[in-house]
There are 2 protein chains.
Amino acid sequence: MSFIRHLIESIKEKRSAICMGLDPRLDKEGQIPEYLKEEFETPNGIILEFNKALIDHTSDLIPVIKPQMAFYEKYEALKALKETIKYAHKKDLLVILDAKRNDIGSTCEAYAYSLFKNYHADACTINAYFGIDGVKPFLDYKNKGIFILVKTSNPSSGDFQNLFAVRLDDVNNKKSQIRADGITLERNYLHMANLVNRWSKTLEKFSNYCNLGVVAGATYPDELKILRKTIPNSMILIPGYGAQGATAEDIKHGFDNQGLGAIVNSSRGIMFAYQKNKIKPEHFDKAARTMILKMKKRINKKINLSKF
Amino acid sequence: MSFIRHLIESIKEKRSAICMGLDPRLDKEGQIPEYLKEEFETPNGIILEFNKALIDHTSDLIPVIKPQMAFYEKYEALKALKETIKYAHKKDLLVILDAKRNDIGSTCEAYAYSLFKNYHADACTINAYFGIDGVKPFLDYKNKGIFILVKTSNPSSGDFQNLFAVRLDDVNNKKSQIRADGITLERNYLHMANLVNRWSKTLEKFSNYCNLGVVAGATYPDELKILRKTIPNSMILIPGYGAQGATAEDIKHGFDNQGLGAIVNSSRGIMFAYQKNKIKPEHFDKAARTMILKMKKRINKKINLSKF
């Protein structure tokens, strides 16, 4: 089954558009509970145990998880990553592997192979600075999902993404934001979205959405509103909820009037909820569940779920 | 010692600006010789043996190698990658790990840690779509080198990189290429280069260059010429020589009048030279050496090495 169909069916069934980020941090004191570190010793052992407990306590509430590759690479815990994905699949969870890979030709094919064939991810994040050459090798896996970075959640995302891009050959484009003497100006993030829209045209749709989505940070709600209109066939993966400061009010514009169109990721906010709420480390998994229930309530109140 | 100092000293000593790409391909028949595949069985074993033989036969002719992370991930041969880097260091070679990582905050720190601390790379490639937030965690390793993607070598690199970016706040910028009614227009790749130039200002220089470089494809010589002027303090890593069709004539504009400023990478052209030149597979390492000698002669004829 295609990623998008599976994702939308799961969102409807669980009445939840929440994605749990699994970004294990071992070196900062008290993030993964100390008792787990003592009991399981190796990074692979500790992280897998931590992830499995989180999955056990949340899999009925969320359609998808998003492990962040960087941390598994840092701790050389790729075995734990592979086992986590296998375990998530058993528990009816989809997996977006957040790897932001980017390259061309056979190198790009090698990355796609690694994420989809070695790790069995259902979807991944990529960076499309290379243009279509860096996207096609991922699209060639017809049933897999892809999320292209468009407007990232960080403070300096504007350094490059907010520049105005001019398309001299396209002066009548309706989506442009500013005009100056017959020249169409758009910010770079929006032009990246226009490329995604163009690449989506021929892809199969399910409930209006296709396997090619984008990443756009919850910390920029105005841009989210523009993006929802610019890419009507792309799911928006929204990071930045919780720990990065965005709220349910900020993310609501990423959704369409069916209550679809976006998934909202929280990593630290869920994984380390026990710390923030001063709950015993032994109950980190229950604290994560409570946090997701709260988040779900807040988000579902802001979006239109009437059609489900 | 800082990467840039070590690199420039080695370029001068070996009179060579050539980088050997190590992108092992196991599945295409006849790329890594069959006899090696039979003798060493596992991807880790085969690839390490292949890389070591190439290093043994070329380390006196080149300052630096560039393993392409994607292939080691595809074949799950990260052990071979680590051992290759260790072996290269013993043979007085610098290592640029081509990983094109990109993220922010603690995630970006985790990538930098993985490349510089787990693999002991001397430098790496990154994608700066995120702006400075995705660059700083790498720059924090003061002695390491960084190459930011600016103008990539692939056919569709223009999809995004060749758009005109407008900076309304900077109408008097001398480096702009086109002007329209007081608005400064620049192509995106050039704006990325301007960001690199800005980020380079405070970094330590050695022979005019700093640890922050760029990647710009040999397949776009006109852009290379513009870049050499735009980023006077950044080394240009030039892929695309050989297999991707670029020649010594194409890459000469990446160099300054001291014969410095660029390193020219060739991967398949060197690694699989035995196939192209119909040499026995058992002599793949000697064929690589012959190819580098030829490449060195061609390149050195085009650049000014008088100051060495």
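Two residues are in contact when their C-beta atoms, placed from the backbone, lie within 7 Å. Keep that in mind for the interface.

Quick housekeeping. This is a predicted model, where local features need pLDDT of at least 70, side-chain atom pairs count only at pLDDT 80 or more, and totals for chains, interfaces and linings use all residues. Residues are numbered from 1 along each chain as its sequence is written, while chains are lettered from A and ligands numbered from 1 in the order in which they are written.

OK, the interface. We've got 47 residues of chain A in contact with 47 residues of chain B. Helix 6 of chain A gives the most to that side, with six residues; helices and strands here are DSSP runs numbered from the N terminus (helices H or I, at least four residues; strands E, at least two). And 100% of the interface residues of chain A are also interface residues in chain B, so the copies meet through the same surface.

How are the copies related? Superposing chain A on chain B takes a rotation of 180° with 0.0 Å of shift along its axis, at an RMSD of 0.0 Å. That's the relation of a two-fold axis. In chain A, the residue that comes closest to the rotation axis is A:Ala165, at 2.1 Å by its C-alpha.

Next, helix 5 of chain B, residues 78–90. Its 13 residues, at 1.5 Å each, should span 18 Å, and the end C-alpha atoms are 19 Å apart, which agrees. The expected span, by the way, is 1.5 Å times one less than the number of residues. Its buried residues are B:Ala80, B:Leu81, B:Thr84, B:Ile85 and B:Ala88. Turned away from the buried side, you'll find the exposed residues B:Lys86 and B:Lys90. Just after the helix, B:Asp92 takes a positive phi of about 60°.

Last stop, A:Met235, in the loop between helix 10 and strand 10 of chain A. It counts as buried because it has 27 C-beta neighbours inside 10 Å. Its C-alpha is 4.6 Å from that of A:Gly213, 22 residues apart along the chain.

Key: A residue is buried if 20 or more other C-beta atoms lie within 10 Å of its own, exposed if 12 or fewer, and partly exposed in between; C-beta atoms are placed from the backbone. Copies are superposed by least squares on the C-alpha atoms of residues with pLDDT of at least 70 in both.
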